[in-house]
Amino acid sequence: MRFKVVIPARHASTRLPGKPLLDLGGKPMVVRVAERASLAGADEVVVATDHPLVLEVVGRHGVRALLTSPAHASGTDRLAEVVELSGWSEDELVVNVQGDEPLIDPELIVRTASCLAGSGADIATVAHPVTDAADFFNPNIVKVVVSARGDALYFSRAPIPYARDHFAREAGGETLPPAMLAHRHVGIYAYRAHFLRTYNQLAPSPLEGIEALEQLRALWHGFRISVAIVDHLPAAGVDTPEDARRMQEWFKKV
C-alpha cells in the first residue's frame with residue numbers, strides 16, 4: 001500500500017503562535033511529527049505551511065515543505081492545495097496528520113490509510129470505544145455512530161447513540177449500559193485525492209454549522225467516511241502553552 005502524508009502547519013495559531021516551530025529536544029515540533037510519519041512507511045511526507053519561516057526551517061531538516069495560502073479556512077483546504085501543487089493522481093491516498101501531535105503512533109497512520117484503501121470509501125478516520133459516562137456526555141468529545149459496514153452515519157457533540165431506556169432509569173447518567181455502541185472520534189483522516197479536489201467546491205452544510213464539525217460537510221453531500229475502530233487512544237497533542245511545557249519536559253527525558 002502506497003500513501004502520502006500531509007502535515008498542515010499553520011504558524012498563526014491563536015493560543016500558541018509559532019506552534020509548528022516549538023522546540024522539542026532540539027528539533028521543531030512539526031519536524032518531530034514528520035519523523036513519526038516517515039516511520040509509518042509513507043512514500044512521501046509533506047509539510048504544508050502558511051509561513052515562509054516554517055518553510056525555511058523545515059527544509060533545513062530535510063523535510064519537503066510547500067508554502068500554501070494563508071487564507072485557507074481548514075486543514076482540508078490546505079491539503080487540497082498540496083494535491084494540486086504536487087500533481088498527485090486522483091486515486092492517491094493522502095493522510096492528514098496534525099502538526100501538533102509529535103507523539104503520534106506510526107501504526108495509527110498506517111491503520112487510517114489501510115482503512116481507506118480497503119473500504120473503497122472517499123475518506124477514512126478513526127474512533128475509539130467510549131466507556132466513561134462523563135466522556136459520553138462531554139460536548140468537547142465528538143461521538144460517531146458507525147454502520148454495519150463500518151461507515152460513519154453521523155458525528156455529533158451530543159451523546160449518541162442515546163440509550164433511552166437505560167437513561168430513563170438512571171436520570172443522572174452516571175453509567176453507560178453494557179455493550180454500548182458509543183465511539184469517540186479520533187481526528188486523523190485519510191482522503192482520496194479526488195475528494196480533496198472536490199472538497200472546496202462543496203457548499204458548507206447546515207449541520208456543519210450547527211455542530212461545528214467540518215466532517216459533516218462530506219456526509220451531507222453523500223460522501224462515504226469509513227471508520228477504523230482502535231483499542232487505545234492516541235497520545236495527546238499540543239494545543240495550549242501548558243501542553244507545550246508538558247511536551248518539552250517529555251522530550252528532555254528521551
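How many helices and strands does the secondary structure of the protein chain come to? I count ten helices and eleven strands, taking helices as DSSP runs of H or I with at least four residues and strands as runs of E with at least two, numbered from the N terminus.

**Basis.** I am working on a predicted model, in which local features need pLDDT of at least 70 and side-chain atom pairs count only at pLDDT 80 or more, while totals for chains, interfaces and linings use all residues. Residues are numbered from 1 along each chain as its sequence is written, and side-chain values use heavy atoms, with hydrogens and water left out.

**Whole chain.** The C-alpha trace spans about 60 × 45 × 30 Å along its principal axes. Buried residues (under 20% relative accessible area, with exposed over 50% and partly exposed in between, 1.4 Å probe, protein chains only) make up 51% of the 254. For contacts (heavy atoms within 4.5 Å) between residues at least 6 apart in sequence, I note that 67% join residues at least 24 apart.

**Helix α4.** I then turned to α4, residues 106–119, whose 14 residues reach 20 Å from first C-alpha to last, close to the 20 Å expected at 1.5 Å a residue, where the expected span is 1.5 Å times one less than the number of residues. At its start, a side-chain oxygen of Asp 105 comes to within 2.9 Å of the backbone nitrogen of Glu 107. The buried residues of α4 include Leu 108, Ile 109 and Leu 116, and the buried set packs against several elements, among them β1 (4–9), α1 (29–39) and β7 (123–129). After the helix comes Gly 120, with a positive phi near 75°.

**Ile 160.** I located Ile 160 in the loop between β9 (152–156) and α6 (164–169), and its relative accessible area of 18% makes it buried. Leaving aside neighbours within four places in sequence, I list its contacts as Phe 136, Lys 143, Val 145, Tyr 154, Phe 155 and Ala 182.

**Glu 208.** Is Glu 208 buried or exposed? I found this residue of helix α8 (206–211) to be buried, at a relative accessible area of 12%. With neighbours within four places set aside, Glu 208 is in contact with Leu 213, Glu 214, Leu 216 and Arg 217.

Terms used: Polar contact = N/O pair within 3.5 Å; in protein donor to acceptor, adjacent residues only side chain to side chain.
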